[in-house]
Every structure is written in C-alpha cells, then in structure tokens.
2 protein chains.
Amino acid sequence: MNPLSARPRYISELPARRAQPARPYPIAEKCNVAILGFGTVGRSVAKLLSDNSADPLRVTHIYNRHVARKRVSWLPPAVHWTEDIDEVLSTDVDVVVELVGGLKAEPWVRRALECGKSVVTANKQLIAHCGPELLELARRMGQHLAFGASVAGGIPVVSGLQEGLSGDRLYKVYGILNGTCNYILSQVESAGVSFAEALAKAQEFGFAESDPIEDVDGYDARAKLAILTWVGLHTNVATGEIVCRSIREVEAVDFNYASQLGCTIRQVSRAELRENCLFAAVQPALVPLASPLAGVQGSQNLVMATGELGGETVFSGHGAGGNPTAVAVVSDLLAIARDRHCVRSAHTKAPKRPPQVSGDFVTPHYVRFTVKDRPGIIASLAAVFSEQQINIDSVLQQQGYPKSRLPFVITLEACSGSVLQKALDQIRKMDFLVQAPVSLPILNQGSGNVPAM
Amino acid sequence: MNPLSARPRYISELPARRAQPARPYPIAEKCNVAILGFGTVGRSVAKLLSDNSADPLRVTHIYNRHVARKRVSWLPPAVHWTEDIDEVLSTDVDVVVELVGGLKAEPWVRRALECGKSVVTANKQLIAHCGPELLELARRMGQHLAFGASVAGGIPVVSGLQEGLSGDRLYKVYGILNGTCNYILSQVESAGVSFAEALAKAQEFGFAESDPIEDVDGYDARAKLAILTWVGLHTNVATGEIVCRSIREVEAVDFNYASQLGCTIRQVSRAELRENCLFAAVQPALVPLASPLAGVQGSQNLVMATGELGGETVFSGHGAGGNPTAVAVVSDLLAIARDRHCVRSAHTKAPKRPPQVSGDFVTPHYVRFTVKDRPGIIASLAAVFSEQQINIDSVLQQQGYPKSRLPFVITLEACSGSVLQKALDQIRKMDFLVQAPVSLPILNQGSGNVPAM
C-alpha cells in the first residue's frame, strides 16, 4: 500500500492543530457614544443612531457650548446634555465623536484617548496636524482612532486606501477635495460669471463660508491631501510643506481656452512619491475632459489612487454635507463597535518622512497673457522662454476680445514650475501686459506628470 | 464655591473608569499562508508576499494539480509544494488563499474553516452561492472569511460597501462588473466591428475565454451582482433569480442610434430595493454619456452605490487581471494578519430574503426594428404599443441603410419590461421584420429608474 494514499481524507480524521472550538457570538453589548459638537453633522449622526435602535450604538452624551439652545426633542430623555467636557470624559462613554473641528479640539481628543475611550473624528486639521501621533496614542491605550469623515465626507476613501488597497504599493494620489472650489469653478465655466459672482452664489447657497480663504486658497484641500498622503503613501508631510495656490485668478476666458485644448479647469490636489521625494501641491490645473477629474460636478469630490500593481482606482461621491459626513462617522462607529475588544497588532506601516518635499512638478503649462496688443509681443515672450530652455507648444488667440485688453494663451512643453516662474518674473516687467500672467499646469490624462528632480 | 466648578479639570484627576493600561504592541508574529491554485493570480499573490519580507505574511504551502510544472525558483526553498489538499489543511497554515475557482472549491473552503483556518478567496461563484453560510461558519470557528477579490478585482468595493458605507442605508447598486463585455462593447462602438469580430479580438488579447458564455451572456456579472446585493443591500438573492440577458444582439448600428440619444451602450448590472421587492438584472442598456457608467473604458469596472443619506458613491478601476486581483487578495490577507486574534461580534447585519425578486424594471426603452421597408410599418407597430398602453416617445431613422434591411428605432416612454415583451411577442410575427427586434432599457442619468411593482 502506498503510504501516501493512507493519508486522512476526511475532515474528522484530520488533526485540527490550530482549530478553535466553536463559540457563540459575543453578546452584542451596547456601545455608549458621546458627541462633541452638535452642529449639522452632529445632528445627522444623532439622528442616524437614534433611527436604528437595533444598532449597538447609543448616544449617551452631547457636549456643546451653550448646550441649552441645542436640545432636541427627538433624542431619548436619558441623553445627557452638557457644556462640561470633563463630565463626558469621566463617564462610561465608550466612543467620543469629535465634531468640534479645528486644532482647539486636540486636547479633548488626546484626553479622551488617555481616558481609555475610542475617538471618531471628522477633523481634517487635527488629523493632518497630528494624526500619526494620535493614532500611536490610541494604540498605546488599546483604543481606536477613526477619521474616515475627515477627507471627502461620505466617500470611503480613507478606509479604501488604508485597508482596501493596502496590498498595493501606492505612489500617487490625485483628488478634487474641495467641493466649494469645484462648485465655483463649475459656475465660472457653465455660467461664464466672474470668480466674485460665483463665490457670492456659493455663499448664498451655503456651499461657501462667509470667509472663503480656507476653501478657495487651498488650505482646506491641503489638509485633506496631507491625510491621504499619510494613509495612502505612508508618508508624513506637514500641511505647511504643501504648495498651495488660489483659484481666484481663474476667469471664464480660461475655460474657453481650456476647452479649445480639450480640457477643463479644476482645483487639483496631488501627491506623488518619486525616488524618495514627495511632490505635493494644491492648485488650479487644466485637466483633459476624458480624465475622471474633469467629470466631477458641482460640490462632489473625487480621489484617484495609483499603485504599482493595481493601477488607478477612483473613488467619488458627496464630499461634504451633514448626511454624507454623518455616514462616514457612523460607519467608523460601527467598525469600532464590532472590533471594540480587538487589540490590533502593529502591522500598519508607520509613515516615513520623505528626504525631500517639493511642489515643483514638471508638466506642460498653460499661460494666459492679457495685453495691450501691438506687434512684437510674441517675439518678446518667446525670447524669454527660450532663454529658460522652455519650448513653446502652441499660441492660441480667440476672436472677439478688445485690442486694448487682449487675452491670449501660450502652451508650453513640459517644464518645472520653478523654471517657468523665472521666465514669468522677467515677463511680468513687460509694459504690454495689462495684468499679471496666469499660469496653470496641464495634467496628462490618467497617468500623472513627471515631477522635477 | 459653586460645586460645579469643583469638578476635576485635569486628566490625572479624572476617574479613568474604562481606561485600559498602556500595553506594548503584540509581537508581529508571522502568519502562514497557503495558496490553493497557482495560476496568474496565485503567482501575483506569491510575488507580492515574497517582495515584502517586512510583512507578517509568509507563503508556506502551494497547492496545485500537477504541481511539479508550477514550481518557480523565486520562492524560498522552504515553501512546500503539494497536490494533496490534506497536507495543507493538516499543517499550521493560518490562512488559506483559495484561487481554484468554481463551486468545486466549496468543500476545501469549508474544510479549511472547520480546521480553524481563515480563508481569503477570489471565487465569485462560491461566494455568490454560499457566502452568508460560509461567513457564518467562519464566525462559529472564530476565523475570518474575506472575499474582496471576488468582485471587481482591485477595486475595494466589497469593503467599501461592507464597512466604509455601513453607516448609510444603501438601496441601489449599479455596476459594470464584466470587463470582457465592456471591452467588446467598446470595440463595437469605436471600431464599428460586429460582435463576433470584437469577441475574436478580445480572445486574441486574452480578455475573453475561449468559451465566452460566462462573460457575454451575463452569468459572471450576475454572480458579482449577487455578492454586492448581499454586502451592500443586506439582501440574499440566488444568482438564478437574477434576470440575465446577453450582449450578443447589440450591433454597431445601435451605438449610432444611442449616440443620437446622447447615450452609449453598456452591460449594466443593477440591483435595487423597493418596498421589500428586490429588482435585479444584468443586461445591455443605454446609459447617458454624462453617467459614470458611460465613462468606463475598455476592461475597467465600476460600481455605483446609492444610499438614503450619502447619495451616490462611485468606485472604479481595474476589475480583473493578475496584479489587481492579487492586490485585493493581499489587502484581505493584511487585514486578517492584523485582526487575527480578534473575535468579531455579530453586529454585521444578517442578510434578509426579500419577499419578492424581480427583473421587471420600469424604464424608458429603446427598440430597434430591422425591416423590409414599405408603407404602414409605423402604424402597425404603434397600434400594438397602444394596445399595451405603451407611449411612443420618438422614432429615429438614420440615412444610408438599404430599404430591404432598414434598421430604425422607436423609443418608448417608461414601461415595464414584461409589458414591452407582450407587445414584442405580437410584433415578432409581423412579416416586414427581417430580424427579431432588439430592445434595451434606457437608464436615467445618475438616479435609477422606477421599478415596476
């Protein structure tokens, strides 16, 4: 008899060396939730949790300044309303949902973790600023820190990069991370209005804050980009290191010229790892109409992650608003309720510091000049570009603009932004210009541009 | 003194009732992996794991029929190559990666779980057929069952629906789930070739099997749709209950007419919950060019999930191929390695059986007739539609086709597929037809169509 054929063939005969005995489900014990900050998102979260009584999640505390004016009748009377943070932290709350926002929330999050509570937060500034450190603290305390709502609201991109694509080696993350900018640019494009008019409309509809600096000048998006760089590229970058440019310069005429080039204009946040240098920037850019970035409408968000093996994966949806953000918060809460007693091992890669951070991508560029027309302008500009070894790709001039304030466009072959700036510094002094030139990178479709090394 | 102000203010003073002591990370112990099936995906998985020696994951066993011809030199000599499944199940393997495919793998997966091993699988037929039951078995055994690779390859949509959007109440999942069909339809559209020519090209490039029935007739996509219906809509549906229609009838002329209607044609898989009825179908359909479904190129995949709160979330990327599928497998492996000692509680919603399953969506329809032209055809058709209470929306007839074989299109206002079939059953008998009419639903942009109740 062949000894091989004598091997056990049936499960009952197999030595179950690592087999664990069947065990019943753990009882679905309640998980007590405190909500810090009862604004739009906080109310949506409370509503979602109170609508589903089968869930293990139960709101027990709500903290807000002047909490009396926040009280609602649709939450159970047992909910404790307070303006004293210590009252929350000293109780048997299991998870603290931080929706206060801003760096001022840092001490509360830290204390909540130190008190042995898990934390769910939608706070992009906080996570961009000290996410890795807080996650480390959470691990030391055997707690969870979840922040899916901090980037792109309802789109599950943080977990998508952290978990769903963890098997890949991601090297590039591009995104449209600020719905306000996307709404404003869409308005300038479709209605041909000015930036100021589009902003006013966005403010009227509640898409933009009365102080729009955070949004339109790119600070909001760069905090989100720093988080995506951390969770997707396992790279630590301070928000201040990410080059940021406003969308204020973009005018309706730029969309006309962009359209002639088969492109539209979007505020694009991008981070890319190349040979130990992290290239990162938030700025308006021309994107080809066939790119997923171009298809993002109104206040939607989109994230495109590229890996060595899986290629490009795109996530898109509603990036803001009470309900989508609440979905992200509650999804995080459900995961914590499920994994509460789970001590995670330290397999998650610790983020690295890149030796170098740069915003100096090498791309083709679009430059709009607005001039008082006269002969010799192209020759003067061409001489400057030539001196900087920048090749002109095309010169575009549409009909119907006055000679005294004529906008025309020069597209340039790939060059680094810094070299282009040198050329533009010289050009800015030229007397035929009636306003400063507007330069925008032109992104390749799909695959990104080669950063300057 | 106000007693309230006497409350402790500093963390050291707070009673840390639920605080847990700081504890060191658990040692990152190795996690032994067996790969069942060493084809394209199996090799990619093994390569990915062997490239990253810092990972806790270590390939220890490879099972394949006639395993000798599968051996590779780039795996460590300690790897055990075998054609005996019991040899795998009786060892200290922690996770079994099942890449054999098909329902024949079911007993092995079941036995692996019963032996106390976690399982990662890319097997859509298996998971569509008995996913909930296997997950239940895994839970009973304190093991994990992960199947992110079973739908849409590298796109993390299973975890996205299961976890990232778990806070929402999803009611609709639409997708382009079969890259082969999408490639063939793209070819018919862009190159104007016939279905047979496009299929031959897909086979030549390895995008289609020599037996293409699974792909082109929709069986592959409907298994994936059944899985998405389970994890996204928490609803159990047998694959056999999902209406399936082939893309074979679609011709280049249909793309011409679709384009005139602002649409293209895609194989769309859709599932939608309405008042306890699950509507589900896989079929070619007209989709508006502005819909994310229309933008899916070549062999890519896309999934669009709609929730009551978060609205539409879109996931897209590479749906197949060795590397993208391996990324999904390895991402699942990393999650299991991290959460190995984690007994999950039963908070995950158990899937429900819908009282009713139907493929009878109410949508506008496109119907192409190919006729021997003569007067009175439209009148005859209109009479039949009118009898069934179906309203004609438009009649389209493009130039340049022979009178003896003239294709023209009638678009119909929203009606259920079953009522349309009654009309077409009558029409099929009419002697002016030179081939059977081709009917396709026309999907609304974004928001889906109202199913028939």
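Student: Why are H3(B) and H4(B) called roughly parallel to each other?

Tutor: Please bear in mind that this is a predicted model. The axes of helix H3 (residues 106-114) of chain B and helix H4 (residues 124-140) of chain B cross at roughly 15°. Angles under 35 degrees count as roughly parallel, and H3(B) and H4(B) are therefore described in that way. Their axes come within 11 Å, and the crossing is right-handed.

Student: Which residues make the contact?

Tutor: H3(B) contributes B:Glu106, B:Val109, B:Arg110 and B:Leu113. From H4(B) come B:Leu126, B:Cys130, B:Leu134, B:Leu137 and B:Ala138.

Student: What classes of residue does the contact of H3(B) with H4(B) have?

Tutor: There are seven nonpolar and two charged residues, and no polar ones. Glu and Arg count as charged, whereas Val, Leu, Cys and Ala count as nonpolar.

Student: What is the order of the strands in the open sheet of chain A?

Tutor: The six strands follow the order E3-E2-E1-E4-E5-E6, with parallel pairing.

Student: Why is one side of strand E3 and of strand E6 of chain A left without a neighbour in the sheet?

Tutor: Strand E3 (80-82) and strand E6 (145-146) of chain A stand at the edges and each has a single partner strand, so one side of each has no neighbour there.

Student: How do you know that strand E2 of chain A and E3(A) pair?

Tutor: Two strands pair if at least two bridges are found between them. Strand E2 (residues 57-63) of chain A and E3(A) are joined in the parallel sense over three bridges. Within these strands, A:Ile62 stands opposite A:Trp81 of E3(A).

Conventions:
Residues are numbered from 1 along each chain as its sequence is written. Chains are lettered from A and ligands numbered from 1 in the order in which they are written. This is a predicted model: local features need pLDDT of at least 70, side-chain atom pairs count only at pLDDT 80 or more; totals for chains, interfaces and linings use all residues. Helices (H or I, at least four residues) and strands (E, at least two) are DSSP runs, numbered from the N terminus. Axes are lines fitted to C-alpha atoms, for helices over the stretch in contact, and angles run from 0 to 180 degrees between N-to-C directions. Angles under 35 degrees count as roughly parallel, over 145 as roughly antiparallel, 65 to 115 as roughly perpendicular and the rest as oblique. A crossing is left-handed if the near helix is turned anticlockwise from the far one by less than a right angle, and right-handed if clockwise. Two residues are in contact if their C-beta atoms, placed from the backbone, lie within 7 Å.
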